[in-house]
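Thanks for making time this morning; I would like to walk you through a few places in this protein.

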Amino acid sequence: MNKLTFLGLGFLLTGSLLAEPIKENIGLYGGQVSDIEAVNRSGSTELIIAVDSSQRGVFRWHNAAGRWGSVTNPVNSTITGHIPGSAALVEANLKSTTDVYAALTWNSSGMFSQLHVSGNYGDLDPNVSWIESLDTSGATISDVSALVGHSSGMYAGTRDGVILLNTGAATDAFSVVFTHPSGDEIIAFSVASSTLGYVVSSSSSGVLSLYSTDWGGTDTNLTSNLPAKAPVELHTGSCPITSCPLEINLIGVDPIKTDGKTIFIAGSSTNGQAFKSTDGGVSWNGGWDYQCGLAASGCTGFGFTDGFPRQIRFRGTTTSGIESRNVFISRVVMDQDDTSPIWESIPNLESTIQPSGPSGPTITIGTHANDSSLAIDPIDSSILYIATDLAIGQVEHTEGVGYASPSGFEKGNALGIDGLVVNGLDYYENSPTDKEFYIVTKSGIAFAKGYDPSDPTSVATRAGWVFPIYPLGDGAPPRAVKFDPSDKALVLVGNGKVYRNPTADGAVSLTDVATNWTRVFDPNDSAFSGPGMPLESDRVERSYTTAIDWETAGGVCDRVYMTMANTDTGTEGGVFYSDDKGLTWSADTLSSGGLLKMPVNTISGVSESSLFPIIGVGDFDGRSAETGIYKRGSYCLSQDWSKPSHSSDLVFDEIQTQAILAIDALSARPSSSAIDAIMFIVTHDAVYRGQLNSASATTETGWNKWDFSNVTPPGGIGFTDVAMEPDDTDHVWVAYDNCIQESTDGGSTWNNYSNSCLPDHEAVKVLVYDDLIAGSAGGAYAYNEISLSAITIEENSAGATVGTLTPDSDSYTYSLSGDDAGSFVVSGVELSLAESVAADYETQPSYSIIVTVVDSTGNSTDQNFTIAVVDANGSPSSATWDFDNSGTADALTDGLLLLRHTFDLRGAVLTDDAISPDSPLSPAEVEAAVAEAYSIADIDGNGAVDALTDGLMLLRYLFDIHGDMLIGGAVAPDATRTTAADIEGYIQDFMP
């Protein structure tokens, strides 16, 4: 059967409707680290991190093992107290030195950033030691947005404008010490002392406020004293860039100035900026920002930051002794002992890795510091710990000297961190069990050679991968990847820039896979970002690749499309194409004239006769006036992009006002005389379905031939992607938060897919239909179904072997339960009757068992099986499709009964409204007849009876559907009967 691949901030899932597949880690590593804490533990450094894209939450460095391990949701299933969830913050309590606090998030349970604490550095002792923190009323503390540990206690700020304080131990309660008068979100605060602090808040509309507080109810509003604009406008008197607002994301108090009045504030992404006050926020200096490098800006020390500053740290003492010598704000540092202090950025790190394990090539990679987190070693202050492209770096910075070059190395190369953020994948199929496979992640590019989708353990360790790959040392997160469909050696990867590797399949060497890249597109090129060009922007380097699609439409062209959007400004972007396999690029144009200049988030990726390429545009923060979908008039000829309109469809009018995140479009399948194509469109808040009516079904022309409807799953919001089954366009999946919703009727009804929507499931980012595995924010995983090679046994044969179970791997353990489990045994992967049991058809024509499989990390899943007994005194061919003995085989009785039974429905839900009025049998007798018919029900001859193959084909046949429409998308890949003639002949043999 075909399988569905899901990847992204959530798990990638592969599996059918019939079971919840078992999850298997496939050997990648890396994570998005949101916070770092370094604690002096009896003379040694304890390094603890929060991973905010994983369900394993808080990790700690194990020095002896040289790897990271989760201390909130450890891999070891024998440990009790697991807390699934990502971690946003981690902070040690300086007053109670053994206590460490963390904010953990579950997506589906309604808990967001709930505060937890461990009373012993997060140790596993041997079980998980974290517990919920409570306030004085006994309630849990949720929506935590900021944590500060101080000698006066642990402070926690929330999104509803409250700061709480615990002055005691881990089990003591928090009490409120600050309440914002308007309930604005606490985005940052700093503690100068037990009687002085500073609080930055933001309203729902983004209005900033600054307060000082005595933590006892006396608060002073300092907002009116804040600088009015970013430094570049303050210095020039005008705004020489697109926008110059004041932005604050963090605040810090210099601990050396004992009066607590030396304050730094910093923030922004587009134009990172910082200010300093020495009088407690009454007045501020002229500040620094990213744009101070402009000519005649009047700024000094201009290279403040090009990122999104989130943390501030202080170190040492100036010669005068009145303030800290070094001020670290995310990835820059200022030395205040210099006569004219400037901000210095952290140089690149450099690490030696063996990306395919010890037997693979040794490669030196460069990685970059990220802005999200930074900590100073409490024992050796020259050592900094920073968030990097891969995960965590250890960097050296010495007072008076500066950074080493290279600045440092990856701490353990992120081994043990299951926190991979997957942005996309592509594959080249040599055969169904042999594929070249690329994943692009926040932590770099990953390549697996010879991946076998039927055996995820084929790449279950590092030895299965070349990872991480950073083309030309570029650490920006890759977001799209595409094989040349006619050449498995040629791959393009985009992260804003586009890189090309013509030896990417590893046939030459694995070292070439990692190193043989050339840059073929750069958004900084004047041809793309010059005046009037699509990427023209103050921050053109924040233009990111959103999709790459290779069009080979019926041999008409061989063109690569790439779409881009500027995430900082929200207004620039475009569509670019290459007609020479990615070597050179051009900006695409609008049919109305001029270049297409707007944020483009997705391309449909379709090369079919009924559809041309379609893009989704818009900015999700509403900064761009461009919205909706655009279509291209041809695959690669002169007809360019235009925004379609519809004369009478109000739903489509609504779509064209929305920012579009994802599109999937296919020719209608099974083929229809009334519908030519189906399209699903995803926005943040809605899912839409469109159908292209054929000429025989409508008199409309042009875009008016489309009909659209809103098919949003109930309760869904924050949708991220959509995927259709290629052989059945009514079979569709959409993702939001940590949920995957599945529909088999074109979006009319929806159900949770597999084990998504549960508290221990990550948020899902990307959906791709295929039979591959891929990764998620919780690591890279395969979802593998349990199957049984045979489901019949001969009677009168004690201990007879039924068949073998798959997956067949030493990492899996099988066990049995259910009504008839006592009649069977499982040894390794072989299922047999118990030695004392000889099946008797006349006594019991079928058995029902549940097979449970558990992997090496404790993940488990169940699958129900019905084992049919073959009557030695009769013939299996005596069975017919007339299960209810009504005299005929009908679709809505017999056909429906088999389909329900193969979906594991039993009892009333099997037989209700599915037995003919002419039937002489009781519901129990009908159920037994269906089970008996399993001896003939393997219609495609693959050794198993499945709902969406055998059950579906019988139902179609009884609905008088024949030929290709009978078998379309319903024949298993390992079937022995594969043609419509074979299938029809087999079904006819057992008609009553």
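This is a predicted model: local features need pLDDT of at least 70, side-chain atom pairs count only at pLDDT 80 or more; totals for chains, interfaces and linings use all residues.

Y155 counts as buried, at 0% relative accessibility, where buried means under 20% relative accessible area with a 1.4 Å probe and protein chains only. Residues are numbered from 1 along each chain as its sequence is written, and side-chain values use heavy atoms, with hydrogens and water left out.

W215 is buried as well, with a relative accessible area of 7%.

Turning to ring pairs, the structure holds 28 aromatic pairs, meaning rings of Phe, Tyr and Trp (its six-membered ring) with centres within 6.5 Å, where planes under 30 degrees apart count as stacked, over 60 as edge-to-face and the rest as tilted. The rings of Y155 and W215 have centres 5.0 Å apart and planes at 50 degrees, so this pair is tilted. Because Y155 lies in strand β13 (residues 153-158) and W215 in the loop between β18 (208-213) and β19 (219-221), the pair ties together parts that are 60 residues apart in sequence; strands here are DSSP runs of E, at least two residues, numbered from the N terminus.

The rings of Y428 and F483, with centres 6.0 Å apart and planes at 55 degrees, are likewise tilted. This pair links strand β35 (residues 422-431), which holds Y428, to strand β39 (residues 480-484), which holds F483. Ring pairs link Y428, Y438, F447 and F483 into a cluster.

Conventions
Helices (H or I, at least four residues) and strands (E, at least two) are DSSP runs, numbered from the N terminus. Buried means under 20% relative accessible area, exposed over 50%, partly exposed in between (1.4 Å probe, protein chains only).
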